[in-house]
Amino acid sequence: MSNDARAAARSAGALAGFLIVAGLQLIVVLGVLWTVLRLLPAEVALRAGVPLSLATFGALGYATWRALHSRRRVPAGVAVTRADAPALWALIDGAAAAAGVPAPAGLTVVTDATVVVGERTLALGLLGGRRDLYLGLPLLQAWDSGRLRAAVAHELAHGSARLGRWAPLAYRGRVAIGRLAPRWSRGRNPAGAVFRAYAEVYRRRDAPFSLAQELAADRVAAEHAGVRATVGALRDLPVLAGMQRLFHAEYVGPGWQAGHVPDDVFGGFLRVLVARAEDVAILRARGPEPAGAWDTHPPLAERLALLTPAATPEGSADGTESDQAPEAPEEAADELVPDLPGLGRALQAVAFPSTGRTEVSWDDFLSVARTAEMEREAGAALATVSRAVGIVVPDAEGILALAADGRLRTAAATIFPGLTPEETADRIVDLLALMLALAALRSDVARWRHNWTGTAELVAADGTYLNLTDVAAAAADPEQAEAVRAYLGKIGVDLAAPGGDRAAARAQALGGLINLSADGERTDLLVTDLGILLVPGLSRGKGPEAKRRLSQIASGGVPVPGRNAAPASDGAAPDGAAAEAVKSAVATMEAPPDGRRFVPFVDVAAVTALPGRRRGWVIGLRDGGSLTLRPSLDTDELPGGWAAWEDAVTFLAGTR
């Protein structure tokens with residue numbers, strides 16, 4: 001038996017240890033329970049036996065099952081049959097033959113830049129099942145067939161027995177434990193501590209096999225698709241994933257939150273790849289982000305060095321230049337699918353449904369998104385200024401009036417006490433520029449001109465240059481305020497122009513938690529980029545139904561009605577009226593339906609972690625109220641739920 005085969009056998013043996021550990025801790029608890037009952041008088045033991053057994057052995061048994069049970073997440077996508085794309089399936093069949101494994105039972109094209117083989121396993125991967133290939137549409141758009149062939153061969157090779165008969169089982173187990181392990185450090189599951197301790201033993205036993213197995217998969221890919229294609233796939237997969245994150249954050253996310261959806265999401269991604277070639281080069285030079293503790297992949301530099309040992313000094317480490325004979329040019333991967341744009345539209349209907357959103361062209365989508373961002377910034381700024389001056393300031397007209405009589409400078413000094421006079425003046429100009437630009441957009445005097453490099457320019461309606469920054473700087477001077485007002489009126493800017501009807505903003509879900517306790521009530525929680533949504537929980541035993549419900553809410557986006565300022569008052573109001581007016585100027589979010597409660601981040605004043613072993617958090621609100629959250633024994637998460645919550649707590653605790 002080779003060293004790699006022995007490493008695979010050791011990994012498989014260590015995997016079985018999780019089941020042994022689970023059985024041992026149940027046996028220990030059962031032994032303690034039996035001893036306690038034996039020591040009690042017979043009559044007492046008979047009465048206490050059932051409740052005591054349920055409270056100890058039953059509870060631990062349920063906790064153990066919860067700790068070892070995980071539903072495999074199936075990504076949203078479009079199934080592609082052999083009849084739909086015979087050339088693509090031929091590529092997959094060839095890669096499977098090279099890896100020495102059966103072809104996957106199905107192919108699903110998904111949104112992420114990834115190639116993953118998903119297998120329906122049982123008992124922590126000890127028993128295998130149906131295997132499906134999940135292939136990212138961005139790879140079909142951006143890669144040639146050589147890199148795609150290499151990536152598919154690498155993933156399928158994870159199921160190869162090249163490293164011994166136990167290698168496929170050991171890999172399935174590593175994937176299963178990597179999915180479960182993060183849950184053992186969260187929540188209140190009493191069985192998690194034991195598994196967490198044994199997981200460190202398992203990881204050390206599995207490390208030699210995981211390293212050898214990934215390098216073996218690289219060799220399979222290189223033998224099948226060539227070194228150049230394999231190196232290109234290894235280097236470019238993290239780059240595409242990084243560009244996709246940038247695309248969703250800068251292009252899709254803002255408009256999606258504003259209640260719209262572009263008519264061709266994936267076509268936009270392809271345009272961004274072309275327009276932002278410099279960003280692609282920067283990501284490629286930077287390399288992939290550090291891998292997580294349970295990631296099986298060795299460092300990229302080590303993998304590339306093993307694939308290109310014969311590179312000449314003139315050649316590069318990525319294999320793009322070497323003394324090898326040049327390989328034949330590959331066809332584009334999009335030629336493997338007869339109608340790739342049609343596939344993209346079908347995938348968009350699944351992954352980016354327009355439910356509750358308006359579908360618009362990319363140009364309109366980006367314009368609406370940028371304007372909606374300005375509306376949110378302006379709303380928050382107006383509310384803050386209103387509190388500082390004691391009267392309602394609803395629009396650019398009110399801000400310009402404050403600038404004219406000097407109260408805006410006084411308010412800014414109150415809002416930003418630590419800034420120098422020069423820095424305070426810059427903040428005033430920024431606020432005036434924001435409000436004037438928004439008024440120009442509302443008056444149809446200005447519009448956005450976009451390109452795909454990530455910048456947008458505010459221009460006049462006819463496309464000519466429009467400089468509102470200098471106008472804002474002049475407006476900050478009380479002596480020039482009236483001249484600025486006259487100029488804006490001359491070019492058609494209505495400083496009091498209303499915002500008009502807009503689609504309700506929709507917060508983007510980042511993760512979810514099931515079965516928390518919120519002020520003592522059973523509650524599910526959805527973390528979004530604008531706040532947290534509390535949903536009344538379901539009764540115990542309905543965890544799967546609760547997860548499905550929260551997933552449906554997350555997929556549609558959380559409607560967040562806008563904040564509307566009250567009408568402006570004429571001059572200073574009496575103290576009581578001023579307080580009531582300012583309260584109106586920052587109207588709270590409307591309550592979502594079905595007893596749900598949305599807590600915007602802007603309404604959070606503080607977050608305090610509760611001391612002691614039992615985790616919990618107290619969220620202090622600006623209106624003086626509070627909300628106490630605690631995990632329960634059966635707390636579960638949507639993918640990324642705990643990570644999203646912890647990020648939110650860190651953000652709120654650090655910025656309040």
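Residues count as buried under 20% relative accessible area, as exposed over 50%, and as partly exposed in between. The model is predicted. Asp144 has a relative accessible area of 23% and is therefore partly exposed. Its salt-bridge partner is Arg147, with N and O 3.8 Å apart. Arg147 has a relative accessibility of 18%, so Arg147 counts as buried.

Arg147 also pairs with Asp236, where the closest N and O atoms are 2.5 Å apart. This pair links distant parts of the chain: Arg147 sits in helix α5 (residues 145-156) and Asp236 in helix α8 (residues 227-257), 89 residues apart. Asp236 is buried, at 9% relative accessibility.

Helix α8 also contributes Glu250. The side chain of Glu250 forms a salt bridge with that of Arg276 (2.9 Å, N to O). Arg276 lies in the loop between α9 (265-275) and α10 (277-286), so the bridge ties together parts 26 residues apart in sequence. Glu250 is partly exposed at 42%, whereas Arg276 is buried at 10%. Shared partners join Asp144, Arg147, Asp236 and Arg284 into one salt-bridge network. The count of salt bridges comes to 20.

Helix packing was examined for α13 (residues 362-389) and α15 (residues 407-415). Their axes are 9 Å apart, at an angle of about 100°. Angles of 65 to 115 degrees count as roughly perpendicular, and α13 and α15 are therefore roughly perpendicular to each other. On the α13 side, the contact involves Thr384, Val385, Ala388 and Val389. These meet Arg407, Ala411 and Ile415 in α15. The contact residues divide into 5 nonpolar, 1 polar and 1 charged.

Conventions: Residues numbered from 1 in each chain as written. Predicted model: local features only at pLDDT ≥ 70, side-chain atom pairs only at ≥ 80, totals over all residues. Heavy atoms only, no water. Axes fitted to C-alpha atoms, helices over the stretch in contact; angles between N-to-C directions. Helix = DSSP H or I, 4+ residues; strand = E, 2+ residues; numbered from the N terminus. Parallel < 35°, antiparallel > 145°, perpendicular 65-115°, else oblique. Contact = heavy atoms within 4.5 Å. Nonpolar A, V, L, I, M, F, W, Y, C, P; charged D, E, K, R; others polar. Salt bridge = Lys/Arg side-chain N within 4 Å of Asp/Glu carboxyl O. Buried < 20%, exposed > 50% of the residue type's maximum accessible area, 1.4 Å probe, protein only.
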